[in-house]
Amino acid sequence: MRVLVINPGSTSTKIAAFENETCLWKTGIDHPAQEIEGFARVGDQYEYRIAAVLKTLALKGDALETFNAIAGRGGLLAPLIGGTYFVDDNLVRVLQDAPGGEHASNLGGIIAYHLGRRINVPAFIVDPVAVDEMEPLARFSGLPELPRISLSHALNMKAVARKVARQIGKTYQEVNFIVVHLGGGISVAAHYKGRMIDVNNANSEGPFSVDRCGTLPAYQLVKLCYSGNYSEQEMLNKITKEGGMFAYLKTKDARAAEKRMSEGDSQAKLVLEALCYQVSKEIGAMAAVMAGDVDRIVLTGGLAHSQFITCEISRRIAFIAKVEVVPGEEEMEALASGALRVLKGEEQALVYQA
Ligand SMILES: Nc1ncnc2c1ncn2[C@@H]1O[C@H](COP(=O)(O)OP(=O)(O)OP(=O)(O)O)[C@@H](O)[C@H]1O
Ligand SMILES: CCCC(=O)O
């Protein structure tokens, strides 16, 4: 069985080909900010990103027609249980209309659907960002009209947590981990005995990331919204695409920011340190969620390749538990496995109802 895996992030699209559980090749395409900025809505990028996928297949000498299924990362859907979902007409319409909000992961299902239709094979999404396992206590925000929402890098965090649990001779269900995904967005989650009982909404809470604001001072935010200087869409863009490190340094590339820091740019240094400071504070919050009963703190995602970033975080939080660094992500393997379980009849694909 061959599965083509598509994983669109805010700054890149990752693509991989699997023959059963074996990854034949895996690659990532970085999308320059000036190209992405040309699209009014994230859903509008699907043809641009499909062209990049087809170009990659041609470069790899792999034909689209040889795949038995296409698996894409799932998006901002209504809260749902984890698992593998068919991408049907209804689901692709929801992902395109994006009532849950604009996000690069909405493109995973859309791209998988269109590629699947070209060659008449099923398209799936697996453990989308809307997976919700939060405890009732975690849902309070302080305003009844604004319950907290679980939106996170669930797919990678769970895959990496399972891997680290295996390494220490336990199952995911037996451990308490704080897992931190440091990508285009940042998720810091309390994984308690196999359930993600609390997590910052990676689109609008928690630490600032390379392009998102994270939690903002609420009073000042309301004042800015009503200042007359910004439309609703401009404010939403500020929060989800133009905030965080990008707002301070005008780059979403942490490697470029680190290079500037090493060349003596003190503002770049301060901003990177602030990002690590905020991540560390959120880890402390999740340690409190688990009353200090933490087996490991796991740092993963693109930024976990950076020694500066992992050391800066570790020095603040190593007192809580041993830190494991798993750079990059396991999302491609997790997506392929989800599709393969359905293709092999080990699991039934779910149908998205909302
Ligand atoms: N070796 C590295 N050192 C420092 N930063 C790195 C390194 N490799 C990647 N990054 C940074 O990681 C960030 C992107 O991370 P990643 O690729 O995990 O995000 P994404 O997939 O685009 O988005 P998301 O993870 O939110 O879905 C970029 O800022 C990139 O510059
Ligand atoms: C919103 C959760 C996932 C992400 O930020 O990529």
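Trainee: Which residue does V180 stand opposite in β8?

Mentor: V180 faces V188 there. Before we go on: this is a predicted model, where local features need pLDDT of at least 70 and side-chain atom pairs count only at pLDDT 80 or more, while totals for chains, interfaces and linings use all residues. Residues are numbered from 1 along each chain as its sequence is written, chains are lettered from A and ligands numbered from 1 in the order written, and side-chain values use heavy atoms, leaving out hydrogens and water.

Trainee: OK. In what sense do β7 and β8 pair?

Mentor: Strand β7 (residues 176-182) and strand β8 (residues 186-192) are antiparallel, with seven bridges. Two strands count as paired if DSSP finds at least two bridges between them. Strands are DSSP runs of E with at least two residues, helices are runs of H or I with at least four, and both are numbered from the N terminus.

Trainee: What's the strand order in that sheet?

Mentor: The order is β9-β8-β7-β10-β11, an open sheet of five strands with mixed pairing. At the edges are β9 (195-199) and β11 (323-327), each with a single partner strand, so one side of each has no neighbour in the sheet. On average, neighbouring strands here are turned by 25 degrees against each other, direction ignored. For angles, axes are lines fitted to C-alpha atoms (for helices, over the stretch in contact), and values run from 0 to 180 degrees between N-to-C directions.

Trainee: And which strands does helix α5 touch?

Mentor: Helix α5 (residues 154-167) packs on the sheet and touches β7, β8, β9, β10 (296-301) and β11. Contact means heavy atoms within 4.5 Å. The direction of α5 makes about 130 degrees with that of β7. Helix α11 (residues 307-317) packs on this sheet as well, touching β7, β10 and β11, and its direction makes about 160 degrees with that of β10.

Trainee: Switching topic: where are the domains?

Mentor: Domain 1 is 2-132 + 331-343, and domain 2 is 154-327. Those bounds come from an automatic or database domain assignment. Taken over C-alpha atoms, their centres are 24 Å apart.

Trainee: How many residues are in contact between them?

Mentor: 16 residues of domain 1 are in contact with 14 residues of domain 2. The two domains bury about 1200 Å² between them, 58% of it on carbon and sulfur atoms. Buried area is the accessible area (1.4 Å probe) that two parts lose on being put together, summed over both. In domain 1, S10, D127 and E331 lose the most area to domain 2, together 34% of what that side buries.

Trainee: What about the six-strand sheet, what's its order?

Mentor: It's an open sheet running β3-β2-β1-β4-β6-β5, with mixed pairing. The edge strands are β3 (22-30) and β5 (84-86), each with a single partner strand, so one side of each is left without a neighbour in the sheet.

Trainee: How many bridges join β2 to β3?

Mentor: Eight, and the two strands run antiparallel. A17 has W25 in β3 as its bridge partner. The hairpin of β2 and β3 has two residues between the strands, and N20 takes a positive phi near 50 degrees there.
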